[in-house]
Amino acid sequence: MPSQPMPSPMDREHGMGRPTPYMGQPDYRIYELNKRLQQRTEDSDNLWWDAFATEFFEDDATLTLTFCLEDGPKRYTIGRTLIPRYFRSIFEGGVTDLYYVLKHPKESFHNTTITLDCDQAMMVTQHGKPMFTNVITEGRLVLEFTFDDLMRIRSWHFAIRQHRELIPRSVIAMQQDPAMVEQLSKNITRQGLTNYTLNFLRLCVILEPMQELMSRHKAYGLNPRDCLKTTLFQKWQRMVAPPGKVPLPAEHPSRRTSPSDQNMAKHTGSGQFMPQYWEKATRPQTNDGRERHLRGTTRASTAVREGPTKSAHPPRPSTSGRQYQGM
């Protein structure tokens, strides 16, 4: 374990909170993060990981990983809801210990944030299966902290350059079978990440856009189709509305709504079912329909110009041949 700064006299273990004395020391927050990860046990559940993410990450934090595999460069970005699952996937992939080492980090202060840029950052993981292996992943780590008492991470970006897998010499010396030695020489990670974590990142590409749908389903109890329609409707409102104003189209009096539509309208704040409204507004008209519409418009405008006493249509000739005169 590399040398780390000594605990401050105001550490939590001494019965005091962590107020402003840690302001301006983002590297110490990484030390605290390493310390918290070492306190993990096999019985740590989702509540423990959620508490870990709440302590070190903002509610709108993002975590980005960039690296290059055999099939090209990769970039994965996950939100706050999936950050606990990411760290947990590292240990579920066979890692027994995880910590970060920062060499010569640079700090820059802004109005509300502190940026830590470390070009020589290392993520060290220890694997117990299939054989004890020490994996050192090198890259550039850029962290953005909030400039407040909590000093939590708002943005995490780790650009991986290379990795090394180290096996104790004693383990290799004990192996007499050349096939076993060849097996030990194979990498157990790809760019320092296990296959379990890589599969999780690929799954996040699908799960991340669905977080809003799953949250709406949990909050309102709507079925998946209505959740999707409600989300699309609200996104459409934000796109077409002028800044600072969200128009709510009124419902036509003659339109009848189904119970599912009424349930969705109750949660969206509108009485109109927007996806059907899109379909009606974008359905192309046939030539006959446009001609009938134009003829009706022309007749109506002619009647208005000629006045109310004149008929908009020429009188029909009498079919009986009789003519009546006024008495």
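How many aromatic pairs does the structure hold? The structure holds 13 aromatic pairs; rings of Phe, Tyr and Trp (its six-membered ring) pair if their centres lie within 6.5 Å. This is a predicted model, where local features need pLDDT of at least 70, side-chain atom pairs count only at pLDDT 80 or more, and totals for chains, interfaces and linings use all residues. Residues are numbered from 1 along each chain as its sequence is written, and side-chain values use heavy atoms, with hydrogens and water left out.

**Overall fold**

- The chain's secondary structure comes to eleven helices and seven strands. Helices (H or I, at least four residues) and strands (E, at least two) are DSSP runs, numbered from the N terminus.
- Of the chain's 327 residues, 35% count as buried. Buried means under 20% relative accessible area, exposed over 50%, and partly exposed in between (1.4 Å probe, protein chains only).
- Take contacts between residues at least 6 apart in sequence: 56% of them join residues at least 24 apart. Contact means heavy atoms within 4.5 Å.
- The accessible surface of the chain is about 21000 Å², and 54% of that belongs to carbon and sulfur atoms. Areas come from the Shrake-Rupley method with a 1.4 Å probe; for residues, only the protein chains shown count as cover.

**Aromatic residues**

- W49 and F91 form a tilted aromatic pair, 5.8 Å centre to centre with 40° between the planes. Planes under 30 degrees apart count as stacked, over 60 as edge-to-face and the rest as tilted.
- That pair links distant parts of the chain. W49 sits in helix α2 (residues 46-56) and F91 in helix α3 (residues 83-92), 42 residues apart.
- Both W49 and F91 are buried.
- One aromatic cluster takes in W48, W49, F52, F56, F57, Y86, F87, F91, Y100 and W156.

**Nonpolar cores**

- The largest nonpolar core has 42 residues, and F67, Y86, F87 and W156 have the most contacts inside it. Such a core is a set of buried Ala, Val, Leu, Ile, Met, Phe, Trp, Tyr and Cys residues joined through side-chain atoms within 4.5 Å.
- Strand β1 (residues 57-69) gives the largest share of this core, six residues.
- A second, separate core has five residues, including V101, M122, V124 and I136.
- Not counting residues up to four places away in sequence, Y86 touches L63, L65, I78, T197, F200 and L201.

**Helix α3**

- Helix α3 is mostly covered, with seven of its ten residues buried.
- Those buried are I83, P84, Y86, F87, S89, I90 and F91.
- G94 follows α3 and has a positive phi, near 110°.

**Surface patch**

- L203, V205, I206, M210 and M214 form a nonpolar patch on the surface, with about 440 Å² of accessible area together. Like charges are joined within 9 Å, nonpolar side chains (Val, Leu, Ile, Met, Phe, Trp, Tyr) within 5 Å.
- Helix α6 (residues 195-207) gives the largest share of the patch, three residues.
- L203 lies in α6. L203 is partly exposed, at 43% relative accessible area.

**R216**

- R216 lies in helix α7 (residues 211-220). R216 is buried, with a relative accessible area of 10%.
- Beyond its neighbours within four places in sequence, R216 is in contact with G221, C227, T230, T231 and Q234.
- R216 and T231 are 15 residues apart in sequence and 8.5 Å apart in space, C-alpha to C-alpha.

Methods: Patches are made of residues with over 30% relative accessible area and no salt bridge: like charges are joined within 9 Å, nonpolar side chains (Val, Leu, Ile, Met, Phe, Trp, Tyr) within 5 Å. A salt bridge is a side-chain nitrogen of Lys or Arg within 4 Å of a carboxyl oxygen of Asp or Glu.
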